[in-house]
Amino acid sequence: MDFGDLRVVALHKHPECLIACCDMINDEWPRSLTARLNSLQSSCDSLPTSLILINKDKMLLGHCKLSRIPSFPKSCFVETVVITKSMRGKKLGTFLMNKVEEYCKNTLKLDMIHLSTHGQQDFYSKLGYVVCHPISIYGNYKQNETVNVKSKKETFASKAKAANEKIKAPPPPPPPPAPVNDKPDKIFMFKKLF
Ligand SMILES: CC(C)(COP(=O)(O)OP(=O)(O)OC[C@H]1O[C@@H](n2cnc3c(N)ncnc32)[C@H](O)[C@@H]1OP(=O)(O)O)[C@@H](O)C(=O)NCCC(=O)NCCS
């Protein structure tokens, strides 16, 4: 395998690969073509982004999707990682994940990656991922949020204070309920990007 011939690119910049990508993913996780197309067509420069692994002839070899995690704005959730069946065991999955990490760090300016896996823990461990608590990829709760606000109390107490003084926001709302791990043998993992 000549890795120099391989590229990891955004699917939305290569629409000619869309149907092949649907077929490859559906071959692993069957779903209607329409549903799969809808999901893949949401790919854009800001998340969600589908990245694909192609060779110099634009033959599709792999895919992975990056999604936003509202509670971890400096991370993203990697899902639907797949290498086309006939090409597995040749380090293409490793190549894809290495390029995905570069993209997250250099293009998206992220500090870490989260994912969940059902049976591929060893593959991700070899890439440096470690097991972590389950996280939710839903919601919009932000921890330690500091906003530039002026409380009424402060306005009455001291009109002389600078108008744009930064003060701590009131205590944040309680965190959302702990994410439910719907598949007990699903493992959550993460990796810091250095
Ligand atoms: C998981 C997957 C992406 C790995 O891609 P790949 O190209 O076959 O993996 P690589 O050749 O880069 O393997 C790298 C290492 O991980 C190991 N590995 C790969 N898949 C593994 C698995 N399922 N279980 C345990 N180890 C695995 C390899 O043996 C290799 O180990 P080595 O470095 O000691 O030789 C691919 O097998 C696949 O598409 N699987 C089906 C879809 C899937 O389950 N995706 C993961 C969703 S969480």
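**A cysteine on an edge strand**

Guide: Read along the sequence, the pattern of the chain is β-α-α-β-β-β-α-β-α-β-α-β, where helices (H or I, at least four residues) and strands (E, at least two) are DSSP runs numbered from the N terminus. The model is predicted: local features need pLDDT of at least 70, side-chain atom pairs count only at pLDDT 80 or more, and totals for chains, interfaces and linings use all residues. Residues are numbered from 1 along each chain as its sequence is written.

In total there are five helices and seven strands. An open sheet of seven strands has the order β1-β2-β3-β4-β5-β7-β6, with mixed pairing; two strands pair if DSSP finds at least two bridges between them. Its edge strands, each pairing on one side only, are β1 (7-10) and β6.

Cysteine 132 belongs to strand β6, which covers residues 130-132. This cysteine counts as partly exposed because it has 15 C-beta neighbours inside 10 Å; a residue is buried with 20 or more other C-beta atoms within 10 Å of its own, exposed with 12 or fewer, and partly exposed in between, the C-beta atoms being placed from the backbone. Leaving aside neighbours within four places in sequence, cysteine 132 is in contact with Phe188, Met189 and Phe190, contact meaning that C-beta atoms, placed from the backbone, lie within 7 Å. Between the C-alpha atoms of cysteine 132 and isoleucine 187 the separation is 8.0 Å, although these residues are 55 apart along the chain.

Key. Contact = placed C-beta atoms within 7 Å.
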